[in-house]
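Let me put the model up, and then I'll talk you through it.

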Amino acid sequence: MSDESRPESTDSAPKRRGKAARKHTVGRVILISAVVLALVTGLSTIYFVRHLNGNIESIDTSDLGDRPEEVYTGNGQPLDILVMGSDSRDCDGCGIDSEGGGGSDTSILVHLSADRSRAYAVSIPRDSIVDRPEDGCDSPAETDVMWNAAYSIGGPTCTLRQLEEMTGIHVEHFIVVDFASFGSMVDAVGGVDVCVPEDIVDKPHQIFVPKGNPSTLTGDEALDYVRARYVGDQLQQNDISRIRRQQEFIGALVRQVKSAGTLTRLDKVVKFLDAATKGLTTDSEFDSVTRLGKVAMQLQSIGLDKVHFVTLPTAYFTRDSEFWGKVYWTPEAEQIWKLINEDKELPARLLKGTSVSAAPPAGSESPSPSAGGSESPSQTPSETPSETPSETPSETPSETTSETPTPTTPTETTAPEDQIFGVCA
C-alpha cells in the first residue's frame, strides 16, 4: 500500500509546484505593473511640473542698485511679495482707463509675518502721486508722478524699486498676473460667488455684472467686476472702489480654491494650476512652481481670518493743486509701512475702514443696502461722489462744492461713514 501510494504522491508534487509558480507569476505581474504605474505617474508629474514652469516668464533682478536693508532682526524670516495685475488690453472689454500698450492697474504688497501667523495684502491706489527712482526703471528719476506710470516705463522692476524707495521695505519677490489668465483661473474652478448688491453697468465699455447674493461670476464677468469704472450712473474717478472689489473677489477666489469642491477634483486642480501659471511673470528667483508651492504651503497654516486685505490710507489733493483728483499717502499709510517693515501686527485703528478679511462673511440672508439708499453710515470708504454736499468729503472730485477745501484739511478717502458701491458690507 505504501509503494502504491508513493507514485500518487509523486504525481501530486508537480501540481503543488504549479500552483506556487502561478502565484509567483501573478506577484511579479503586480509588482511590475506597480513599478510601471509609478514610473508613468512620476514621469507625468515631472512633465506637468515642467509644463507649468514653462508657462512662467522670469525677469532678472540681480542689478537693481542699492536696495533697502532688512529691518526685522527676530526669529524667522518675514516675506514681502509685490503682486501686480497686468492688463494687456488685447481682449474685448479692455481699455477701461483709455490706456494703450498695457499697464499695471493693480499693485498689492503681500506681507507674510516671520512666524507665518498672519498676512497682509496692502493695495496701493494707482492714482497715488509718488517719486520714481532711476534704478530698475531705465529712465531718469522723476518726482510727483502717478504710481502706475512706473510699470509703463520700466515694467515690474521699476514698480518694485519705486515701492522700496517710498517705503524702505526690502521686497524679496514680485509676481505679475495677466488679467486674461485671471479670467481662465475663475473658469477653471467653476466660477466664484460674490455678493453684488446692485447691477454693475458700464455701457461705454459694454460691462454688465448681475446683482446677486451671491452672484456666481464666470471668468469674463469676474474681469468686468474687478475692472469696472462705473457703478450705476457714477464714474469712479479714483481707484478705491475698484480696489475694494478686487479685494473682495480675491478673497472669494481663495476660498473657492481651498474648498473641497476644488481640491478633491483633480481636473479642476490641473486646470487651475495651468491657468494660474499662464501669463505669469516673476523675478528669476521665484520662477518655478516648486518655489511658489512652498510659499503656498506656508500660507496654508495662516487662517483666513488672519489674512487682511488693506487699502492704503490716502487723501485727495485740494482743488488748487495741480494734482487735483489724485491722492497722496496719509501719515496712517506711513505707519502701516513702518509696522510691516518691522514685522509688527497692524492695530485695529489702522485697519478700521480700510481692510477686509479673507474669511467668509458673517452669515447674512440679504445683501446690505445699495449705495444711495443706505440709511445708516458704513465703515468703509466711499466709492462715488455724493450728490449732496456734506461735511464728509466725497471720494471723487465734485464740480460743485459748498466750500473749497484747503491744503490743511485734506479729503480723506477712507472716511468710515462713506458707502462703497459694488460690494456688500
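This is a predicted model: local features need pLDDT of at least 70, side-chain atom pairs count only at pLDDT 80 or more; totals for chains, interfaces and linings use all residues.

Numbering starts from 1 along each chain as its sequence is written, and side-chain values use heavy atoms, with hydrogens and water left out.

So, the protein has ten helices and 19 strands; those are DSSP runs numbered from the N terminus, H or I of at least four residues for helices, E of at least two for strands. There are 425 residues, and 47% of them count as buried, meaning under 20% relative accessible area with a 1.4 Å probe, protein chains only.

Now the helix pairs. Helix 3 (residues 179–188) packs on helix 7 (residues 266–277) at about 175°, axes 8 Å apart. Axes here are lines fitted to C-alpha atoms over the stretch in contact, and angles run from 0 to 180 degrees between N-to-C directions. That makes helix 3 and helix 7 roughly antiparallel, the word for angles over 145 degrees. Helix 3 brings S181, S184, M185 and A188 to the contact, and helix 7 brings K268, K271, F272, A275 and A276, where contact means heavy atoms within 4.5 Å.

Then there's helix 4 (residues 219–227) with helix 5 (residues 240–258): about 140°, axes 7 Å apart.

On to the largest pocket, at about 1800 Å³. A pocket is an open set of points on a 1 Å grid where a 1.4 Å probe fits, with protein on both sides within 12 Å along at least five of seven lines; lining residues have an atom within 4 Å of a point. Of 50 lining residues, the closest to the centre are M185, V254, F272, A296 and L299. Which helix gives the most to the lining? Helix 8 (residues 289–300), with nine residues. By class, the lining has 40 nonpolar, eight polar and two charged residues.

Last one: E172 sits in the loop between helix 2 (149–167) and strand 7 (173–178). Leaving out residues up to four places away in sequence, E172 touches E70, Q77, P78, L79, D80 and D283.

Technical notes
Angles under 35 degrees count as roughly parallel, over 145 as roughly antiparallel, 65 to 115 as roughly perpendicular and the rest as oblique. Grid points are joined across faces, edges and corners, and a volume is the space filled by probe spheres set on the points. Ala, Val, Leu, Ile, Met, Phe, Trp, Tyr, Cys and Pro count as nonpolar, Asp, Glu, Lys and Arg as charged, and the others, Gly among them, as polar. Buried means under 20% relative accessible area, exposed over 50%, partly exposed in between (1.4 Å probe, protein chains only).
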